[in-house]
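Here are my notes on this structure, written as numbered points so that you can follow each one with the model open beside you. Please take them in order and look for each residue as it is named.

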Amino acid sequence: MQEQRFTKKDWMLFRNKIADWQEAYMDRLNKEYIELLSEDANPSEKFWRLDKRIKEDRKKTGVQLEMSRSNLVYNIISLISDSAISFEDLEEFSDELKETVRIFVER
């Protein structure tokens, strides 16, 4: 994936969309955390399960990522793999970028 498989417009579009994508993803995570905390279990058990889950989730691209052009395709692939976004979210992006992402996600 060394050669650039996206346009300048793709990069600008990504920069405009990433904050909303991450906010929506973290909102979904927060709802899942609320469900976890609402379960019928010991408080300590819920606490430690939540702690473990947050430690895992904070590493995901939907929570934080390295914002660089060279990571654009990798970041989109990771966002899709983590279900932070879907292929439908890429509608406005170039066909070249969408095809590149599709090839890597379907492997």
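1. Asn75 counts as buried in this predicted model, because its relative accessibility is 3% and buried means under 20% relative accessible area. Asn75 belongs to helix 3, and, when residues up to four places away in sequence are not counted, Asn75 touches Phe14, Thr61, Leu65 and Glu66.

2. Asn75 also has a part in the packing of helix 1 against helix 3, where Asp10, Trp11, Phe14, Ile18 and Trp21 in helix 1 meet Leu72, Asn75, Ile76 and Leu79 in helix 3. Sorted by class, this contact has 7 nonpolar, 1 polar and 1 charged residues. The two helices, helix 1 and helix 3, pack at an angle of about 35°, with their axes 11 Å apart, and helix 1 passes helix 3 in a left-handed crossing.

3. How do helix 3 and helix 4 pack, and at what angle? Helix 3, which covers residues 72-81, and helix 4, which covers residues 95-105, pack at an angle of about 55°, with their axes 10 Å apart. The crossing of helix 3 and helix 4 is right-handed.

4. Which residues make the contact between helix 3 and helix 4? On the side of helix 3 they are Leu72, Val73, Ile76, Ile77 and Ile80, and on the side of helix 4 they are Leu97, Thr100, Val101, Phe104 and Val105. By class, the contact of helix 3 with helix 4 has 9 nonpolar residues, 1 polar residue and no charged residues.

5. The largest nonpolar core has 23 residues, and of these Phe14, Trp21, Ile76, Leu90, Leu97 and Val101 touch the most other members. The elements that give two or more residues to this core are helix 1 (8-38), helix 3 and helix 4, and helix 1 gives the most, with 9 residues.

6. Leaving aside its neighbours within four places in sequence, Leu97 is in contact with Arg5, Phe6, Asp10, Leu72, Val73 and Ile76.

7. Is Phe104 buried or partly exposed? Phe104 lies in helix 4 and is partly exposed, because its relative accessible area is 27%, a value between the limits of 20% and 50%. Phe104 and Gly62 are 42 residues apart in sequence, and their C-alpha atoms are 18 Å apart in space.

8. Lys55 lies in helix 2, which covers residues 43-57, and Lys55 is partly exposed, because its relative accessible area is 44%. From Lys55 to Leu72 there are 17 residues in sequence and 24 Å in space, taken C-alpha to C-alpha.

9. Please look, finally, at the loop between helix 3 and helix 4, which is where Ser83 lies. Phi of Ser83 is near 60°, which is a positive value in a residue other than glycine, and Ser83 is partly exposed, with a relative accessible area of 45%.

Notes: Residues are numbered from 1 along each chain as its sequence is written. This is a predicted model: local features need pLDDT of at least 70, side-chain atom pairs count only at pLDDT 80 or more; totals for chains, interfaces and linings use all residues. Side-chain values use heavy atoms; hydrogens and water are left out. Axes are lines fitted to C-alpha atoms, for helices over the stretch in contact, and angles run from 0 to 180 degrees between N-to-C directions. Helices (H or I, at least four residues) and strands (E, at least two) are DSSP runs, numbered from the N terminus. A crossing is left-handed if the near helix is turned anticlockwise from the far one by less than a right angle, and right-handed if clockwise. Contact means heavy atoms within 4.5 Å. Ala, Val, Leu, Ile, Met, Phe, Trp, Tyr, Cys and Pro count as nonpolar, Asp, Glu, Lys and Arg as charged, and the others, Gly among them, as polar. Buried means under 20% relative accessible area, exposed over 50%, partly exposed in between (1.4 Å probe, protein chains only). A nonpolar core is a set of buried Ala, Val, Leu, Ile, Met, Phe, Trp, Tyr and Cys residues joined through side-chain atoms within 4.5 Å.
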